[in-house]
Amino acid sequence: MEYSIDWGNEVWASLKWLAIAFAISAAAILVIGYLLSRFSRWGTPLWRVIGGFFTGRDTRVKAWGLVVALTLLSLLGVRLSVLFSYWSNDLYTSLQTAAEGIAAGGPQGAEMLQIGEDAFWHSMAIFGILAAVHVVRTMVEIYVGAAFDIRLRYWLTEGATADWMAGRAFYRNRFVDLSAGLLRRRRFGRSKAEPSRRAADIHPGVDNPDQRIEADITNLASVGSSLFWGGGGVSTNGVLPACASIVSFSIVLWDLSGPVTLFGVEIPRMMMWLVLVYVLVASVVAFAIGRPLIRLNFWRERLTANFRYALVRVRDGAENVAFYSGERVEHNNLMTRFRAVVKNFWQIIHVQLAFVGWNFGASQLAAVFPYLVQAPRFFDGQIKLGDMTQTASAFGEMHDALSFFRNAYDDFTALRASIIRLDGLADADSRSREMPEVTTVDRERAVALSDIDVKTPSGDDLISALNLSLAPGAALVIKGRSGSGKTTLLRGLAGLWPFIDGEFARPPGEHTLFLSQMPYIPLGDLRTAVAYPALPDDVGDEAIKAALEKVFLPHLVGRLHDEEDWVKVLSPGEQQRVAFARILLTRPQAVFMDEATSAVDEGLEFSLYSLIRTELPETILVSVSHRSTTDQHHTDLLELTGGGGWTLESLTGGPSLDKQS
């Protein structure tokens with residue numbers, strides 16, 4: 001029996017095929033990847049998000065090494081699929097030969113039977129080799145694919161979190177104007193993003209950055225690599241193997257196709273043209289049906305993340321909700337958000353029903369085409385049973401490969417939604433760092449404000465031309481009616497508020513400390529919470545214990561290594577005392593406090609301020625306060641009168657600080 005290919009020379013033939021296919025694939029990846037990254041609507045943001053992984057000094061060698069390995073493994077999978085189709089041809093041809101021998105009978109029939117039987121067992125041996133290689137290749141592909149996904153995900157997560165934290169973008173991106181007009185202006189060369197002056201624009205710059213950093217990065221790393229290289233032992237479930245399969249099985253199908261007479265016209269190689277036309281029509285219709293999925297998948301991510309965030313808000317504010325008996329309001333709020341999720345879900349289902357229904361029907365109908373087309377040639381004896389089964393196999397592989405882009409359109413839309421969200425996060429972070437902030441100058445043991453102007457987002461004046469200087473040991477209390485800009489001034493000096501101008505001189509780096517009204521309590525043990533923003537090992541357990549005792553928290557000394565959600569364990573007054581402990585531990589040259597004693601009684605307030613003035617007599621102290629009892633701990637009073645006005649007076653009877661209004 002004549003075999004469909006020369007199996008004895010197939011190892012070298014396959015190695016040659018792999019070398020040629022890899023060279024072509026590598027060139028195509030580089031050229032097409034470059035063009036997509038420069039000129040396509042989704043390729044440009046994708047390269048912005050992942051490009052550094054392939055160009056960075058620390059990652060590029062391993063990244064490209066994994067790309068080469070995955071490409072070779074993917075192409076090997078395609079080659080094995082082609083070889084399996086030839087094996088199938090030989091298997092069914094051997095069975096046909098044996099069947100013909102049995103039917104013929106006699107010596108000639110016995111010879112044909114023996115030939116068919118030998119060919120059958122030869123096919124089984126070939127199958128054993130191909131199956132073993134296929135199993136090993138699939139296992140290696142899974143491992144290498146996982147290594148690529150993990151490395152890319154780690155790099156993306158590390159980069160996204162660092163970029164989100166850099167320049168306080170996690171806070172300042174709420175002031176970024178996300179209007180389409182600004183995005184278009186920036187893309188066409190505008191280098192600086194200006195903060196909007198409309199109050200309506202003050203909203204979170206990006207919704208749910210935590211979900212973008214976790215879920216969207218995971219989706220990009222796993223789904224993205226799977227869509228490109230495929231996996232799971234299937235040679236048509238990725239862009240690269242699908243393209244390679246189209247080329248490889250086109251050759252097989254071309255050799256097996258014969259002429260077909262249609263309406264009196266003989267069409268050569270009918271099988272080839274049939275599969276191309278059929279899949280082209282099916283794909284065009286599928287893309288038209290599935291196009292809304294891009295927008296719907298983007299909103300699915302946003303709405304589900306908003307719902308999860310609302311649940312977390314209720315959990316974190318459980319005590320306050322319970323005090324107010326606000327269960328009904330919270331339930332209504334949660335269900336309003338969840339109804340939006342359900343509405344979006346049904347919109348996706350309606351599109352997917354049409355999309356999946358069309359794809360499923362098209363795939364089912366394609367299953368019988370090769371048999372219908374090749375049956376007349378088989379019945380006429382022009383081809384053998386093996387040729388017919390290989391035709392069906394090649395047609396199926398071609399159909400699946402050509403249909404991959406249609407069938408995977410849903411995954412592509414979800415991937416594009418993740419790309420848009422990650423690119424949006426990076427864009428908002430970048431533009432938040434381009435927004436104005438106060439000019440900061442390092443100056444040892446001194447604080448000076450020069451021509452400080454603070455405005456509202458709408459452009460109204462809060463503070464105008466503020467000038468003052470503080471020497472070591474000076475203490476300034478800032479007062480004024482609500483909304484006059486007291487806290488906003490501290491935000492601007494800390495680099496958080498972008499609507500500020502002027503020069504701010506202060507001790508460098510960690511020698512200047514800002515404290516909010518309710519101190520931030522990080523996750524971890526108590527020593528981590530007290531030492532923040534320093535590391536607990538930098539200050540030592542003994543220093544932490546001493547600081548806790550000094551701020552009247554001796555009952556916590558024995559719990560330094562307890563891991564709790566300390567923001568829930570500690571009362572607001574205890575949290576503010578922890579903030580004073582941080583002052584004792586970090587010993588800053590200047591400290592700015594915003595209502596730092598609002599949760600403690602006046603007696604404890606007196607003790608805490610007295611402690612700071614005794615322990616750190618040279619530290620410059622700036623406090624925002626509504627209480628008159630804080631005046632005794634300060635040397636000067638800055639009164640904000642509204643509309644940009646302010647007054648400065650001494651609280652000790654001596655000359656006031658530099659005063660201009």
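## Annotated spans

The span of residues 63–87 is 100% helix and 0% strand, and its end C-alpha atoms lie 36 Å apart. Residues 119–144 are likewise 100% helix and 0% strand, with end C-alpha atoms 37 Å apart. Helices (H or I, at least four residues) and strands (E, at least two) are DSSP runs, numbered from the N terminus.

The model is predicted: local features need pLDDT of at least 70, side-chain atom pairs count only at pLDDT 80 or more, and totals for chains, interfaces and linings use all residues. Residues are numbered from 1 along each chain as its sequence is written, and side-chain values use heavy atoms, with hydrogens and water left out.

According to the unreviewed UniProt entry, the annotation "transmembrane region" covers residues 17–36, 63–87, 119–144 and 271–294. UniProt positions follow the numbering used here, feature names are shortened, and annotations may be inferred rather than shown by experiment.

## Helices H3 and H4

The axes of H3 (residues 60–104) and H4 (residues 106–165) come within 7 Å and cross at roughly 165°. Axes are lines fitted to C-alpha atoms, for helices over the stretch in contact, and angles run from 0 to 180 degrees between N-to-C directions. H3 and H4 are therefore roughly antiparallel (an angle over 145 degrees).

## Domains

Domain 1 (10–179 + 205–432) and domain 2 (439–658) make up the domain assignment of the chain, with bounds from an automatic or database assignment. Their C-alpha centres lie 56 Å apart. The contact (heavy atoms within 4.5 Å) takes six residues from domain 1 and eight residues from domain 2.

Technical notes
Parallel < 35°, antiparallel > 145°, perpendicular 65-115°, else oblique.
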